Amino acid sequence: MAKRDVFSGTTALVTGASSGLGEEFARELARRHVNLVLTARSHDKLQQLAADLSRVNGVQVQVIAQDLAEPDGALALARELKARNIAVDHLINNAGFGTAGRFETMDVEREARMIRVNCESVTVLSRSLLRGMLDRKRGGILNVASTAGHQPTPFMSTYGATKAFVLSFTLALAEELRGSGVHALALCPGPVPTGFQAAASIPSGAVLSFAKLDASTVVERALDAYARRAVIETPGFVNSVQTLASKVFPRSLVVRAARLTMTKLGRISG
Ligand SMILES: NC(=O)c1ccc[n+]([C@@H]2O[C@H](COP(=O)([O-])OP(=O)(O)OC[C@H]3O[C@@H](n4cnc5c(N)ncnc54)[C@H](OP(=O)(O)O)[C@@H]3O)[C@@H](O)[C@H]2O)c1
């Protein structure tokens with residue numbers, strides 16, 4: 001009942017909706033009777049998903065293909081939403097990718113594109129859509145961070161830093177928004193088998209099995225947490241313990257443990 005009250009008949013923008021967690025957000029929101037705007041680069045996949053969701057769930061679904069790594073990509077998306085007169089109640093900033101390996105070997109242009117998708121687009125879309133939410137005194141922003149945002153992540157150094165940005169930004173925003181009728185949630189998943197691992201060139205089979213959760217479980221917990229206006233959600237017992245440990249132990253020890261996790265368990269060559 002509570003699920004329908006928050007979501008039913010509202011509109012959500014889901015970035016990175018063409019696969020993994022974003023596709024699952026789109027499917028679960030459609031089940032919760034939310035009209036959708038889906039965005040990513042893969043236009044055909046989005047069109048197929050939109051057709052499925054409107055047929056099965058009877059919701060309205062629009063598609064806007066956009067590369068968020070392009071300079072002004074997020075601004076172009078915001079302009080298109082305005083041109084189509086779409087009022088977004090729930091912004092799901094999910095699009096993102098990672099890179100793995102020694103920092104000095106990284107492709108510098110790819111690192112810059114990652115920062116634009118993971119950080120700049122989150123900021124620009126939040127700023128562009130928040131004013132309307134505040135005027136309507138409803139809705140919110142769900143930003144997908146990561147357990148990697150809780151501590152420096154050797155061999156995924158830029159990626160971990162982008163997620164620390166998302167986490168810090170979201171927690172600050174949530175506090176600013178207190179009492180406004182609008183809220184913000186940082187989702188901090190641990191390992192989830194999606195297209196993420198291949199995109200980051202993480203060796204297959206390296207997803208940490210003891211911490212792993214599937215995308216549908218993560219998304220369901222995220223939307224339930226969002227509906228009860230939680231500020232942060234870390235799905236899974238192991239991930240919660242890891243997060244607690246990153247706060248309790250000295251930072252030097254935490255970074256060393258993160259290094260071992262990445263190289264020994266994550267099989268990333270360091
Ligand atoms: N999977 C995990 O273990 C894990 C853990 C913690 C956090 N996360 C976070 O979860 C979020 C979703 O990732 P996922 O695991 O679902 O990975 P995924 O299956 O690879 O999905 C990534 C999504 O982001 C979109 N995207 C990538 N680059 C883009 C660009 N330049 N412009 C627009 N859209 C772009 C992709 O669509 P197109 O390729 O069609 O553009 C795709 O829809 C990311 O923010 C990731 O950092 C994942």
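In this predicted model, a polar atom in the side chain of Gln-66 lies 3.5 Å from the backbone oxygen of Gly-73. Gln-66 belongs to the loop that runs between strand β3 (61–65) and helix α4 (73–83). The relative accessible area of Gln-66 is 19%. Because buried means under 20% relative accessible area, Gln-66 is classed as buried.

In sequence, Pro-71 and Val-117 are 46 residues apart, while their C-alpha atoms are 9.8 Å apart in space. Asp-72 lies in the loop between β3 and α4 as well. With a relative accessibility of 46%, Asp-72 counts as partly exposed. The backbone of Asp-72 has a phi angle near 70 degrees, which is a positive value in a residue other than glycine.

A positive phi angle is also found at His-33, where the value is near 65 degrees and the residue is again not a glycine. His-33 is placed in the loop between α2 and β2 (35–40). The relative accessible area of His-33 is 30%, and this residue is therefore partly exposed.

The protein as a whole contains ten helices and seven strands. Its radius of gyration is 18 Å, close to the 18 Å that the globule rule gives for 270 residues, so the protein is as compact as a globular protein of that length. The C-alpha trace spans about 50 × 35 × 30 Å along its principal axes. Of the 270 residues in the protein, 52% are buried.

Aromatic side chains were examined next. The count of aromatic pairs comes to three. One of them joins Phe-7 and Tyr-226, whose ring centres are 5.9 Å apart and whose planes form an angle of 20 degrees. Planes under 30 degrees apart count as stacked, and the pair of Phe-7 and Tyr-226 is therefore described as stacked. This pair links distant parts of the chain, since Phe-7 is in helix α1 (residues 2–7) and Tyr-226 is in helix α8 (residues 215–227), 219 residues apart. Phe-7 has a relative accessible area of 0% and is buried. Tyr-226 likewise counts as buried, at 0% relative accessibility.

A tilted arrangement is found for Tyr-159 and Phe-196, because the planes of their rings stand at 55 degrees, with 5.2 Å between the ring centres. This pair, too, connects distant parts of the chain: Tyr-159 is in helix α6 (residues 157–176) and Phe-196 is in helix α7 (residues 196–199), 37 residues apart. Tyr-159 is buried, with a relative accessible area of 8%, whereas Phe-196 is partly exposed, with a value of 22%.

The ligand is surrounded by 31 residues, and the closest are Leu-21, Arg-41, Ser-42, Tyr-159 and Thr-194. A backbone N or O atom of Gly-16 is found 2.9 Å from an oxygen atom of the ligand. In the case of Ser-42, the side chain is involved: one of its N or O atoms is 2.4 Å from an oxygen atom of the ligand. Taken alone, the ligand exposes 890 Å², and the protein buries 93% of that area.

The shell around the ligand draws on several secondary structure elements. Those that give two or more residues to the shell are α2 (20–31), α6 and α7. By class, the shell consists of 15 nonpolar, 13 polar and three charged residues. Helices α6 and α7, which contribute to this shell, are also the helices that hold Tyr-159 and Phe-196, respectively.

Conventions:
Residues numbered from 1 in each chain as written. Predicted model: local features only at pLDDT ≥ 70, side-chain atom pairs only at ≥ 80, totals over all residues. Heavy atoms only, no water. Phe/Tyr/Trp six-rings, centres within 6.5 Å; stacked < 30°, edge-to-face > 60°. Helix = DSSP H or I, 4+ residues; strand = E, 2+ residues; numbered from the N terminus. Buried < 20%, exposed > 50% of the residue type's maximum accessible area, 1.4 Å probe, protein only. Near = heavy atom within 4 Å. Polar contact = N/O pair within 3.5 Å; in protein donor to acceptor, adjacent residues only side chain to side chain. Areas by Shrake-Rupley, 256 points an atom, 1.4 Å probe, with all protein chains shown as cover. Nonpolar A, V, L, I, M, F, W, Y, C, P; charged D, E, K, R; others polar. Rg over C-alpha atoms; globule rule 2.2 N^0.38 Å.
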